[in-house]
Amino acid sequence: MNVNEVLTIPQLEGMTIIAGESGISREVESVNMMDAPDIIHFLNQSEFLITTAYHFKDHPHKLTELVQAMAEQGCAGLGIKTKRFLDKVPDEVINKANELAFPIIELPIDLSLGEIVNHTLRAILDQRATELTLALETHKHFTKIIMEGKGIELLLQDLSQVIHRPVQLIDQHFKPIYQRNKNLNFPLLLDGLKIPSRMTSPISLSVRSTKQTCTLFPVHISEKKKGFLMIMGEIEKTDHLTSLTIEQATNVISFALMKEHALRQQERSNRNDFFLQFSDGTFSSQEEIIGRAAEFSLKNAQKYICAVGKIDRDDQHATYTERLEKADDIYEFMEGEILDMTPVIHFFTHGESCILLFEVQETISIPGTNAESALLQIQEKVSNYFGNTISFGVSNVSHTFLDVKNAYKDAVDALSQGQLSKKTAYIQTYHTKDVMELLRMVPQEELKNFYTFALSPFSESKLEEEQSLLDTLSVYLETHCQISETAKRLFVHRNTVVYRIEKCEEILGKSLKDSETTMQIRLALRIRSLLET
């Protein structure tokens, strides 16, 4: 209740303001009667003092000092019952009250100070009871919206309609969690602002570039993270109903967000556990891998590029726990950023590292360029929001999800290559080192076709004979077609090797002295060992 509302209390009819009218919006939280000259030491902020001015009848200048002291202390106003001991309020006092915008009210002669106190306190309590009832009903309404599964977005819509202001829910990075008003660019409005992480009460901001004012109310997202309910415009301290409505909304939203955060954390943990088991080779069969991958929208027939990232160390004295907490904050931010990126990016974390799986679209001629562009955007945003740099190792294209296991190892290898060169904020692409790694880049179906083309004639032999011939052929080619060295490695007689090689040429219908034939067979034998792994 403010001073102006006190003047409208029916039982206090006859009270008139005689000075400091510009301060009638001052809040009145309690009422006190003056019973001693040193009453200022016993007054509180937002307190309304009433008096007969008995102690000032012979010293009117002290009344000016009281007005000055009450204004400085944040009191609500001063009510004086004139025509008793003080015939009129001195001009000096009225001028000082006008200067300080401190209300002075002339009290009616027919009402006792006790009656004025009682009527005023009753009005204050009635208003508080009304506000508390409204707060309870508002809390019930907002809670019902969440409990019925209608979601935070509908709650924000209702809140906006009740307080007649645009409303936005943002995270600790000023990124919108839910945005009702698409015409307002809230993130741009707050770009570059830093809000204390321990903020516990609302604050109002005025952005110089846009000349827009907004009020931020802290909202709990998790045990350690806070977001903000942002209301366009400044919420006056005297606007209790609006403040109470927003307060109830923030309480309900906080519980809903903390629940959502816990569910996301569980889903994130399941996703990370799956990728860890996949990369470690824990699963018993390819069918199990493909089935589990489908649970996380990972299709085996999809092509992927794997990128592994790690925060560049900027503090050699940071403990592992501190680094892990920092990485968690950054990776959670990154996970939110990639949701709007195309093509789809799947996100995982493992210790201090993060893994990004880029779905490769057939329409993109150079997939690596597209992935690198997305990684550059992520690096820029991490630098802007956290002041940290992050580096990535990037694999070549894997043609199925099953091949991602090798792509992940390649990306880790590429990341390590960059670390060895002491670089930061780099994007290092993996380069193949031998034939086997080159063969891993070829779709498995194509490898099977080549293997069948090169060595299918051996399938007509008995299984035991086929294995013996292929083993001999493999060693023979690896020893550069030396009969004696082949016999030595296989622990067989030299004539046995000669017989088996002749048998191989007979089955193939080709001479092993032909370089094209031997190259195909060597590749086919490499493919055979790759397919068996």
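**Aromatic pairs, helix packing and loop contacts**

At a relative accessibility of 11%, Phe283 counts as buried, because the cut-off for burial is under 20%. The model in which this residue is described is predicted. Phe283 forms an aromatic pair with Phe274. A pair of aromatic rings is described by the distance of the centres and the angle of the planes. For Phe274 and Phe283 the centres are 5.8 Å apart and the planes stand at 45 degrees, which is a tilted arrangement. Phe274 is likewise classed as buried, its relative accessible area being 0%.

A stacked arrangement is found for Phe278 and Phe401, because the ring centres lie 4.6 Å apart and the planes meet at 20 degrees, the limit for stacking being under 30 degrees. Phe278 belongs to helix H7 (residues 240–280), whereas Phe401 sits in the loop between strand E14 (390–398) and helix H11 (404–420). The pair therefore ties together parts that are 123 residues apart in sequence. Both Phe278 and Phe401 are buried. Ring pairs join these residues into a cluster made up of Phe274, Phe275, Phe278, Phe283, Phe296, Tyr304, Phe348, Phe401 and Tyr408. The count of aromatic pairs in the model comes to 12.

The loop that holds Phe401 also contains His399, which is placed between E14 and H11. His399 has a relative accessible area of 19% and is therefore buried, the limit being under 20%. Leaving aside residues up to four places away in sequence, His399 touches Asn300, Ala301, Gln302 and Lys303, together with Met441, Val442 and Pro443.

Helix packing was examined for two pairs of helices. Two packed helices are described by the angle between their axes and the distance between the axes. Helix H5 (residues 151–163) packs against H7 with the axes 11 Å apart and an angle of about 175 degrees. H5 is therefore roughly antiparallel to H7, since angles over 145 degrees fall in that class. On the H5 side the contact is made by Ile152, Leu155, Leu156, Leu159, Val162 and Ile163. H7 contributes Thr242, Thr245, Ile246, Ala249, Val252, Ile253, Ala256, Leu257 and Glu260. By class, the residues of this contact between H5 and H7 are 12 nonpolar, 2 polar and 1 charged.

In the second pair, the axes of helix H14 (residues 463–478) and helix H15 (residues 483–490) come within 9 Å and cross at roughly 130 degrees. H14 and H15 are therefore oblique to each other. The crossing of H14 with H15 is right-handed. Thr472, Val475 and Tyr476 of H14 meet Ile483, Thr486, Arg489 and Leu490 of H15 in the contact. The residues of the contact between H14 and H15 comprise 4 nonpolar, 2 polar and 1 charged.

Gly14 is located in the loop between helix H1 (3–6) and strand E1 (16–19). The relative accessibility of Gly14 is 44%, so the residue counts as partly exposed, because that class lies between 20% and 50%. Gly14 touches Glu106 and Pro108, residues up to four places away in sequence not being counted. The C-alpha atoms of Gly14 and Leu111 are 9.3 Å apart in space, while the two residues are 97 residues apart in sequence.

Definitions and conventions
Residues numbered from 1 in each chain as written. Predicted model: local features only at pLDDT ≥ 70, side-chain atom pairs only at ≥ 80, totals over all residues. Heavy atoms only, no water. Phe/Tyr/Trp six-rings, centres within 6.5 Å; stacked < 30°, edge-to-face > 60°. Buried < 20%, exposed > 50% of the residue type's maximum accessible area, 1.4 Å probe, protein only. Helix = DSSP H or I, 4+ residues; strand = E, 2+ residues; numbered from the N terminus. Axes fitted to C-alpha atoms, helices over the stretch in contact; angles between N-to-C directions. Parallel < 35°, antiparallel > 145°, perpendicular 65-115°, else oblique. Left-handed = near helix turned anticlockwise from the far one by under 90°. Contact = heavy atoms within 4.5 Å. Nonpolar A, V, L, I, M, F, W, Y, C, P; charged D, E, K, R; others polar.
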